[in-house]
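Here is a brief report on how one protein chain is put together. Keep the structure open beside the text.

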Amino acid sequence: MTIEKNAKQSGDLCCMGGIYIHIPFCAQACTYCNFHFSTQIQHRGAMVDALVKEIIQSETIFTDFKPSTIYFGGGTPSLLTNEQVTKLMTTLKTVYSFENIQEITFECNPEDATPIKLNHWKSLGINRLSIGLQSLQDLELKEMNRTHSRLTSLVAVENALDAGFTNFNVDFIYGTPWKSHEQWIDELDWAFSKNITHIAAYALTVEPKTVLDYQTRKGVFNPVADVFMGEQFEILQNKMHENSWDAYEISNYCKPGHRALHNGNYWEGLPYLGIGPSAHGYDGISQRWSNIANNAEYMRCLENGNAHTSIEDLSDENRFNEYIMTALRTSEGIKMSKLKPFNDKWWSKSANKRENMIETGLILQQNDRIWLTNNGKLISDYIISELMV
Ligand code: SF4
């Protein structure tokens with residue numbers, strides 16, 4: 001399928017935004033994960049060649065695209081060899097201007113954070129790491145089928161600091177049956193004691209078609225009670241507050257001044273390119289496209305023309321809902337002025353519900369803004385669905 005250049009993008013305007021590169025391989029499947037990946041890591045070389053091809057093809061999508069962020073996600077980008085990462089970065093630098101680049105993030109698993117790899121990534125201009133720790137409890141890591149241990153995590157963070165990374169995220173999962181409140185507090189305290197600048201903390205959820213989903217249906221896994229989940233969320237909020245961190249999104253926390261710019265680009269509605277199987281692109285106005293979530297099919301599609309297998313024209317309703325969904329998760333919340341382009345009726349429709357939510361302490365409203373309280377954050381999905389059309 002071919003993407004028609006939107007009028008706004010095909011002019012002479014310099015176009016800012018981000019590039020996401022999906023590396024669709026993992027050493028093994030974590031029980032909770034529903035991202036697109038394959039464990040057939042012997043195909044990495046062929047996949048990198050395909051990604052290079054897609055980066056080159058993507059040049060024609062926007063005119064004068066000068067990305068401000070690049071994000072290598074997955075899957076597990078750190079499974080790539082140094083030569084493969086070099087190939088991707090060299091291609092990106094050849095095809096796109098780097099004059100506006102502020103942030104290049106690379107996701108890595110702890111076992112791959114070796115001094116050789118870290119130094120190599122740094123030498124290529126990668127200036128932000130995201131380490132998938134998830135936990136510092138060996139039992140929990142084992143139950144989730146992670147490939148690393150607590151010790152590997154500790155070493156990975158020390159290696160990253162030694163390599164000179166000053167901007168890095170660690171991922172944690174909370175609300176599992178394998179982590180007590182005390183252990184959760186210890187994990188957060190440990191993170192604050194290091195020069196870690198960003199924490200992405202996710203509540204464990206049972207996603208369809210995952211091992212955890214299967215285990216739940218078989219009665220092998222029992223999710224924690226809502227009260228327990230709420231207490232761990234409260235611990236998270238309190239710890240962030242005590243340490244004066246910026247709780248800028250439901251799952252994202254940082255030292256002041258270290259917000260993830262790439263996510264910010266998404267939330268601002270800026271254009272982005274998605275490279276690799278399952279990746280999405282957006283023109284920043286009204287069209288989104290996606291690549292097939294199958295490695296062999298993705299490579300075949302690229303051979304036959306291009307990798308975009310679905311293109312969606314976003315309606316005003318879609319854009320209204322997306323704004324509600326993304327904005328309400330952030331600390332800035334919904335700005336009423338940003339709803340102006342949309343049909344008044346859509347927002348008015350939820351007026352009574354919003355009043356109720358304010359009375360019951362789920363949302364706050366001041367001047368132009370509406371945002372979630374901590375109690376509201378606990379049931380954010382429900383609140384968001386109530387405000388959407
Ligand atoms: S959580 Fe990360 S490492 Fe685990 S399967 Fe998913 S993408 Fe791979």
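Two strands count as paired if DSSP finds at least two bridges between them. Strand 14 and strand 15 (residues 369-372) meet that rule in this predicted model. They pair in the antiparallel sense over 4 bridges.

Strands of a sheet pair through backbone hydrogen bonds, either parallel or antiparallel.

**A hairpin**

Strand 7 and strand 8 (residues 252-254) run antiparallel and are joined by 2 bridges. A hairpin of 2 residues links strand 7 to strand 8. Asp246 stands opposite Cys254 in strand 8.

| Strand pair | Sense | Bridges |
|---|---|---|
| Strand 14 and strand 15 | antiparallel | 4 bridges |
| Strand 7 and strand 8 | antiparallel | 2 bridges |

**Two domains**

The chain is divided into domain 1 (7-267) and domain 2 (317-387). Their C-alpha centres lie 28 Å apart. Across the boundary, 9 residues of domain 1 are in contact with 8 residues of domain 2.

Which elements give two or more residues to the side of domain 1 that touches domain 2? They are helix 9 (226-242) and strand 7 (246-249). Helix 9 gives the most, with 4 residues. By type, the residues on this side of domain 1 divide into 5 nonpolar, 2 polar and 2 charged.

**A helix pair**

Two packed helices are described by the angle between their axes and the distance between the axes. For helix 2 (residues 44-58) and helix 11 (residues 295-303), the angle is about 45 degrees and the axes are 10 Å apart. Angles under 35 degrees would count as roughly parallel, and 65 to 115 as roughly perpendicular. Helix 2 is therefore oblique to helix 11. The crossing of helix 2 past helix 11 is left-handed.

Which residues meet here? Helix 2 brings Ala46, Met47, Ala50, Lys53 and Glu54. Helix 11 brings Asn295, Tyr298, Met299 and Leu302. The residues of this contact divide into 6 nonpolar, 1 polar and 2 charged.

Definitions and conventions. Residues are numbered from 1 along each chain as its sequence is written. This is a predicted model: local features need pLDDT of at least 70, side-chain atom pairs count only at pLDDT 80 or more; totals for chains, interfaces and linings use all residues. Domain bounds come from an automatic or database domain assignment. Two residues are in contact if their C-beta atoms, placed from the backbone, lie within 7 Å. Ala, Val, Leu, Ile, Met, Phe, Trp, Tyr, Cys and Pro count as nonpolar, Asp, Glu, Lys and Arg as charged, and the others, Gly among them, as polar. Axes are lines fitted to C-alpha atoms, for helices over the stretch in contact, and angles run from 0 to 180 degrees between N-to-C directions. Angles under 35 degrees count as roughly parallel, over 145 as roughly antiparallel, 65 to 115 as roughly perpendicular and the rest as oblique. A crossing is left-handed if the near helix is turned anticlockwise from the far one by less than a right angle, and right-handed if clockwise.
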